Amino acid sequence: MKAIIKGKRYNTETAEELTRLYCSANSGDFSWHRTGLYRTQAGAFFLAGEGNASSMWATPARGGGSGPGSGIRVITAGEAREILERENEQDALERYFEISDA
């Protein structure tokens, strides 16, 4: 999946996938999604995925409501860190963020 956002190219084929976001819904549920957290070679973070009508990837449907969709969303380093912590991706956290002992 590729997108140009604010003059910058985001490409899931050339970026490093750091984790997949957990989704407990099955593919028939409205909230189902398949979403990955990526880091570009230049160090930018983004989400890329697809999902059903109640997911973060939903798109407006004709006549109202929403339908399935897909796309890329740029996120901040802070948001990426929160996702990695939630998904317990310790290796990626230590590789891309400063971690100190408590």
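Colleague: Is F46 buried or exposed?

Modeller: Buried: F46 has a relative accessibility of 0%. Keep in mind that this is a predicted model.

Colleague: And what about Y38, buried or exposed?

Modeller: Y38 is buried too, with 9% relative accessible area.

Colleague: How many aromatic pairs are there?

Modeller: The count is three aromatic pairs. In one of them, the ring centres of Y38 and F46 are 5.2 Å apart and the planes sit at 15 degrees, so that pair is stacked.

Colleague: Why does 15 degrees make it stacked?

Modeller: Because planes under 30 degrees apart count as stacked.

Colleague: OK, and which rings form a cluster?

Modeller: Y10, Y38 and F46, which are linked by ring pairs.

Colleague: What about F45 and F97?

Modeller: Their ring centres lie 5.7 Å apart with the planes at 15 degrees, so F45 and F97 are stacked. F45 is in strand β5 (residues 45-51), while F97 is in the segment after α2 (90-96), so the pair ties together parts 52 residues apart in sequence.

Colleague: Are those two buried or exposed?

Modeller: F45 counts as buried at 6% relative accessibility, and F97 is buried with a relative accessible area of 13%.

Colleague: Changing topic: what lies over the face of W57?

Modeller: That's R73, at 4.9 Å from the ring centre of W57.

Notes. Residues are numbered from 1 along each chain as its sequence is written. This is a predicted model: local features need pLDDT of at least 70, side-chain atom pairs count only at pLDDT 80 or more; totals for chains, interfaces and linings use all residues. Side-chain values use heavy atoms; hydrogens and water are left out. Rings of Phe, Tyr and Trp (its six-membered ring) pair if their centres lie within 6.5 Å; planes under 30 degrees apart count as stacked, over 60 as edge-to-face and the rest as tilted. Buried means under 20% relative accessible area, exposed over 50%, partly exposed in between (1.4 Å probe, protein chains only). Helices (H or I, at least four residues) and strands (E, at least two) are DSSP runs, numbered from the N terminus. A charge sits over a ring if NZ of Lys or CZ of Arg is within 6 Å of the ring centre and within 35 degrees of the ring normal.
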